[in-house]
Amino acid sequence: MSTTAVEITPLTEAGDPAPVLLTVEEAARCLRIGRTTCYALIRTGELESLTIGGLRRVPADAPAAYLARRRAEQRAA
């Protein structure tokens with residue numbers, strides 16, 4: 001039986017303040033989904049995002065809020 005090491009890259013370097021906004025790619029990594037799926041969640045309004053100067057950004061707390069809503073929906077079903 002072999003084991004595979006999974007490397008998880010941190011969003012910030014040691015000593016840097018926690019980000020307030022994430023790129024779509026960073027939000028996708030947080031949720032362990034693909035970038036296209038993340039954009040689909042944004043498009044449908046399931047994942048909060050905003051545009052700043054033409055750039056799409058996701059508030060740092062939005063992935064956790066999305067996950068909490070999904071968990072509550074599944075418990076209610």
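Residues are numbered from 1 along each chain as its sequence is written, and side-chain values use heavy atoms, with hydrogens and water left out. Because the model is predicted, local features need pLDDT of at least 70 and side-chain atom pairs count only at pLDDT 80 or more, while totals for chains, interfaces and linings use all residues.

Helices (H or I, at least four residues) and strands (E, at least two) are DSSP runs numbered from the N terminus, and two strands pair if DSSP finds at least two bridges between them.

| Strand pair | Residues | Bridges and direction |
|---|---|---|
| S1 and S3 | 21–23 and 55–59 | three, antiparallel |
| S2 and S3 | S2: 50–52 | three, antiparallel |

Within S3, Arg57 stands opposite Thr23 and is also the bridge partner of Leu50. S2 and S3 form a hairpin with two residues between them, and Gly53 in that turn has a positive phi of about 55°.

Helix H3 (residues 62–76) has 15 residues and reaches 21 Å from its first C-alpha to its last, close to the 21 Å expected at 1.5 Å a residue, where the expected span is 1.5 Å times one less than the number of residues. Ala62, Pro63 and Tyr66 of H3 are buried (under 20% relative accessible area, with exposed over 50% and partly exposed in between, for a 1.4 Å probe and protein chains only). These three lie on the same side of H3, because they cover an arc of only 100° around the axis, taken from the directions from the helix axis to the C-beta atoms. The buried residues of H3 pack against S1, helix H1 (24–31), helix H2 (35–44) and S3, contact meaning heavy atoms within 4.5 Å. The face turned away from the buried side of H3 carries the exposed residues Ala64, Arg75 and Ala76.
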